[in-house]
Amino acid sequence: MFLYNLTLQRATGISFAIHGNFSGTKQQEIVVSRGKILELLRPDPNTGKVHTLLTVEVFGVIRSLMAFRLTGGTKDYIVVGSDSGRIVILEYQPSKNMFEKIHQETFGKSGCRRIVPGQFLAVDPKGRAVMISAIEKQKLVYILNRDAAARLTISSPLEAHKANTLVYHVVGVDVGFENPMFACLEMDYEEADNDPTGEAAANTQQTLTFYELDLGLNHVVRKYSEPLEEHGNFLITVPGGSDGPSGVLICSENYITYKNFGDQPDIRCPIPRRRNDLDDPERGMIFVCSATHKTKSMFFFLAQTEQGDIFKITLETDEDMVTEIRLKYFDTVPVAAAMCVLKTGFLFVASEFGNHYLYQIAHLGDDDEEPEFSSAMPLEEGDTFFFQPRPLKNLVLVDELDSLSPILFCQIADLANEDTPQLYVACGRGPRSSLRVLRHGLEVSEMAVSELPGNPNAVWTVRRHIEDEFDAYIIVSFVNATLVLSIGETVEEVTDSGFLGTTPTLSCSLLGDDALVQVYPDGIRHIRADKRVNEWKTPGKKTIVKCAVNQRQVVIALTGGELVYFEMDPSGQLNEYTERKEMSADVVCMSLANVPPGEQRSRFLAVGLVDNTVRIISLDPSNGVLLRTVLDPVTGDLSDTRTRYLGSRPVKLFRVRMQGQEAVLAMSSRSWLSYSYQSRFHLTPLSYETLEFASGFASEQCPEGIVAISTNTLRILALEKLGAVFNQVAFPLQYTPRKFVIHPESNNLIIIETDHNAYTEATKAQRKQQMAEEMVEAAGEDERELAAEMAAAFLNENLPESIFGAPKAGNGQWASVIRVMNPIQGNTLDLVQLEQNEAAFSVAVCRFSNTGEDWYVLVGVAKDLILNPRSVAGGFVYTYKLVNNGEKLEFLHKTPVEEVPAAIAPFQGRVLIGVGKLLRVYDLGKKKLLRKCENKHIANYISGIQTIGHRVIVSDVQESFIWVRYKRNENQLIIFADDTYPRWVTTASLLDYDTVAGADKFGNICVVRLPPNTNDEVDEDPTGNKALWDRGLLNGASQKAEVIMNYHVGETVLSLQKTTLIPGGSESLVYTTLSGGIGILVPFTSHEDHDFFQHVEMHLRSEHPPLCGRDHLSFRSYYFPVKNVIDGDLCEQFNSMEPNKQKNVSEELDRTPPEVSKKLEDIRTRYAF
């Protein structure tokens, strides 16, 4: 079995975000890393919409990302630290829309290792040097400069190693043009390592160390080091030189401290806390990320706490000494992995989990009532300031980027009866989690919908002048009339446009620079800019049936297949060519290309006839003869034909503009957009109702829209999320969703949601009541009334947890709910709240053979689970009966068990439950579930159970798969086979009776199969004789499974399912990852296909190596050598290679480049989209 890997939806979680002018213009762009993907985003400064310019898979783990610019330069470069053991510097080339690798310097082994640099990057703010550091010991500094041709140069590395030292963070200190300086948070563990009593380990302090690069002597000196009181988690560079006081801010637990060289005293300020916070009061508070904004006159920092509150931090200076740190509450946004303040006044927030946001900074928060906290205010040691969180005041949300990260579970099913299955994805974390329904298609936003007086049959838009940016008129044609609408602030009917309103219209367009032409059944109307009208009438009884128009030419077809050709002369007149052309059959459609720039006319006309031929006619007037070239649909020169089934109606094609390029809108029973996006051709359906006719539309509010008609309405639509494969509907959930099952009869979902470190609703209300009572008690006699008012206000205030976060309850505190949801409407039909510290881990829906037709839901719950060091007070299996046609859960009983029931599966009219490492069969009883049978020989902990026939395939948390046979007569569960590799299985899916696909937590997918001679009639050994001499193989079962395929995805896979994604398509294995990616593995159906793609992959590995210097083969073999899988993501990079390289590769394969890209597209459309 050979498989081909395709990504349908790239990962959406962001690990790093940097901003700068990467294209060299004044526009601000953002580069984000999504694990193994680099992406360039550009927020539109006018609309605030974020557009993706470029996405590149780098086939390596991006561990750090920095932007830098050489002194006096206008363009930012990108430095990437990855797992390749190399430092890579990239430049974005806007003309080719690609990242170009400028430098790649090797310094160590590949892989994420402790002492190989790559984890931390720091850049000198003046762009003279870059430091790349490992977690331990090694640091390298590279000097960056220009050569005579103004190209970027890089020096050999200078070492700044220090043994036995752990690094927590590195930044470049802004020292103006002095010697470049880097600040590190370090910890020396040598003493702690050598001291057996453990005293030294308790007393080890973190240090702040400065490294100076001496440009004169060309080496790095460890300049200065001082121990820190608190444990710091990251550093912020303070602008220096002529812009500010230089130095660094150290963010540590509960405090932020400013440090610098020389006489500067440390300035230290506590991190403010929320007033009346429900969090555990002993818990420290840290800043998690920050962004700096610097202009010529001032600078400030925005720093975000782990609750999501952003503070604006400013420094007060006296000459060059910093005298105080000031903090002011700014706003609260979801907790971010990275924040960027753009020069255009936007704040980009790359959320840790869930959607990412772009905010406009509307106010700097200088003149509001918000109290300002300062390091100069007197406070007792250990005390802090308090503030009141509130809805957004300084920020305005302008765009939201959908992100599925993290996907915790997914099932694919057609629950909405739409032919094409939907993906039901449980994603997000805590109060920001959601159940999302994904459908293949582009999301359409309606700008306007208006009723028309009847059912129109066509619509066009025209501009008044060729230079105009926006359209002036919308022309709507009815069966016997034409309506002209003018586009301004609103769209209204006009009568003085010069168009003939009493007749239907066949076409209208801009002719020349500023004239309009209207073609109607009885003639052509040419309207000049000064409203003069020239008419051409059809001869005799003939009428015009079809026409084709561009900027300078008009071709019409009269009844009977006669073609008449007009061309515009330099004076702006339309002249008819004397010779007319008779066609052999009636014309059904015709089209002219746009006039190429710098030419007089388009040379060719395409005409489609009733007899199923397309003819290309030359319009070259040098000899005044119309040449005719017939293109037979089979042998003709119109090669590279690609067919797709679009729907049940005849297809109409319309030319529109998308992202400045031409695109084609194809309409059948569904509308499809064919467009080129990041050098790949996409044909994607619109998630919208059926449309009948359309035209491109450009106005101030909607620069790239579509105006379309559907029955008797006129709609103005915009497609903003090009490149997105799925459009999504999200339904909010309360806690992190862990798993869900689909009730087969009502199609409702039963979801279990569980959060650690969280309160249930009941405990939360109780805590609030308790705090309110304490507030009243603590007040003196005269303040009682005021305190009572404050307590009442506190009880009434309800900040949405999806923005302000849920209170952190502390270790070992769990909250869970069981929810029954209708997946189509997204409404919750029933919600069962579990007690505090009961955590739901598994769910199943099943029938029992002794209770007839009733459906039951079983939920496995752990009680008082502490994760580290692990302890659990036992568990329960709750049994509910589904009543009201699957809409309500009726509690039956709960069964106590001794460990965590982490997996439940229905099995032959009973149920299998994995309780810790025990595999048990239970049946339904009156008071509880009754244990019927158990197996104690699973190694560690059962994480999943699959069943087929008499076989049970158990996935162990670290020992891969174990095959168990259930013997009904002896009532025994007997292990008969297992796997030879340790795998930390996260999810599994059965492919057939002998084959199982599984994924592990390190990002690998494998397919494991039992050999054909496997015997599952194994007997248990009652006498114990056999156990003395047969220890099995490798201390496990005596029969071993074979590995069919191994593949490293690079992201933790949490769901696998064998399914078909398109109606009539073939089956594929669909996987979803923790980072929000969705991919499929598809089997090759023929040897020649496999052979072809194997060669494509081989050539691309050598001709187009990954961008960050990682070897593709070793990346895909990170844990196990890659076996029997071809990487489609690499093969599809063929389309983005340079044309001459494409040619070389395709010649090696005996093909042409279009044939290769057609093969790549075919395998994608056969299984998916």
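Q: Where is the place of N884?
A: In this predicted model, N884 is in the loop between β69 and β70 (888-897).

Q: Is N884 buried or exposed?
A: The cut-off for exposed is over 50% relative accessible area. N884 has 53%, so it counts as exposed.

Q: What is the phi of N757?
A: N757 is another non-glycine residue with a positive phi, about 65° here. Look for N757 in the loop between β64 (749-756) and α3 (761-778).

Q: And why does N757 count as partly exposed?
A: Partly exposed covers the range between the buried cut-off, under 20%, and the exposed one, over 50%. N757 comes out at 21% relative accessibility, so it gets the partly exposed label.

Q: Now omega: which residues does a cis peptide bond join?
A: As a rule, most peptide bonds are trans. Here, S405 and P406 are joined by a cis bond, with omega about -10°. P406 belongs to the loop between β33 (395-401) and β34 (407-413).

Q: What about the bond from N868 to P869?
A: That one is cis too, with omega near -10°. Go to the loop between β68 (856-863) and β69 (875-883) to find P869.

Q: Zooming out, how far apart do the C-alpha centres of domain 2 and domain 4 lie?
A: Domain 2 spans 506-638 and domain 4 spans 1068-1167 in the domain assignment. Their C-alpha centres are 44 Å apart.

Key. Residues numbered from 1 in each chain as written. Predicted model: local features only at pLDDT ≥ 70, side-chain atom pairs only at ≥ 80, totals over all residues. Heavy atoms only, no water. Domains from an automatic or database assignment. Helix = DSSP H or I, 4+ residues; strand = E, 2+ residues; numbered from the N terminus. Buried < 20%, exposed > 50% of the residue type's maximum accessible area, 1.4 Å probe, protein only.
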